[in-house]
Amino acid sequence: MGEPLPAAFDPRAIGYIEARLWHAYYAHHWPRVALLTYRLVRGQMGLGPRPAIEAVGHAARAAVAWAPAQNDAARTRRELRAFYGVVAREHGATFDPEAVGDAEYDYWRIHREIVGRADRALLIASLERIPALLFGVPEASVTASATERERAVRLVDLITSGKQAPTEAAWREIAADLVRSYRLLRAEVATSRAANS
């Protein structure tokens, strides 16, 4: 392992793909989840075809294990660690894939636990932790992007709880929030790295 993971993603592309991925996940449309995850890891994480398929397998198994109310937490965590293991291996990156996988799992867990609560501080903190570990920057440096991402999560929660109709306009708003979040994240990572270079 050598360099930190580059923040070379396209915020618009990744935001719109991820919104569609969330839509497919909550519809339990697993083939579409796998296809969209493949597009993400190929186009936005820069993995080759074979590593991308390997990563998608881990991501899909994590999603299927986590989706039921009586989920398989151990398998979910294991598959998330393995997913980030593929990304780290293929990039020769310095991040710890087990730590990032655990942070991703914590986000999934916290999100499920606090649905409907007004206080979202724990969720925002979990959304800071993932990119901080992934890109090697302080958690405090990615607060703006994590807060914008939490807004997208909250809108999804309104849909899944039946408080918001799953209209095209609602999903476009979620995608727009994700695009803003990724634009902020790319800028935050660049600023943090420049300050510490």
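Select helix H6 and colour its buried residues (under 20% relative accessible area, with a 1.4 Å probe and protein chains only): Leu123, Ile124, Ser126, Leu127, Glu128, Ile130, Pro131, Ala132, Leu134 and Phe135. Helices here are DSSP runs of H or I with at least four residues, numbered from the N terminus. This is a predicted model in which local features need pLDDT of at least 70 and side-chain atom pairs count only at pLDDT 80 or more, while totals for chains, interfaces and linings use all residues. Residues are numbered from 1 along each chain as its sequence is written, and side-chain values use heavy atoms, with hydrogens and water left out.

The expected span is 1.5 Å times one less than the number of residues. Step past the helix to Gly136, which follows H6 and has a positive phi, near 70°.

Now move to helix H4 (residues 73-91). Its 19 residues reach 27 Å from the first C-alpha to the last, close to the expected 27 Å. Select Thr76, Glu79, Leu80, Phe83, Tyr84, Val86, Val87 and Ala88, the buried residues of H4. Their cover includes H2, helix H3 (49-66), helix H5 (97-114) and helix H6 (121-135). Just after H4 lies Gly92, with a positive phi of about 60°.

Turn to the pair formed by helix H1 (residues 11-26) and helix H7 (residues 143-160). The two pack at an angle of about 30°, with axes 12 Å apart; axes are lines fitted to C-alpha atoms, for helices over the stretch in contact, and angles run from 0 to 180 degrees between N-to-C directions. H1 and H7 are therefore roughly parallel to each other, a term for angles under 35 degrees. To display the contact, select Glu18, Trp22 and Tyr26 of H1 together with Arg149, Ala152, Val153, Val156 and Thr160 of H7.

Finally, select His28, in the loop between H1 and helix H2 (30-43). Most residues other than glycine have a negative phi.

How values were computed
Parallel < 35°, antiparallel > 145°, perpendicular 65-115°, else oblique. Contact = heavy atoms within 4.5 Å. Buried < 20%, exposed > 50% of the residue type's maximum accessible area, 1.4 Å probe, protein only.
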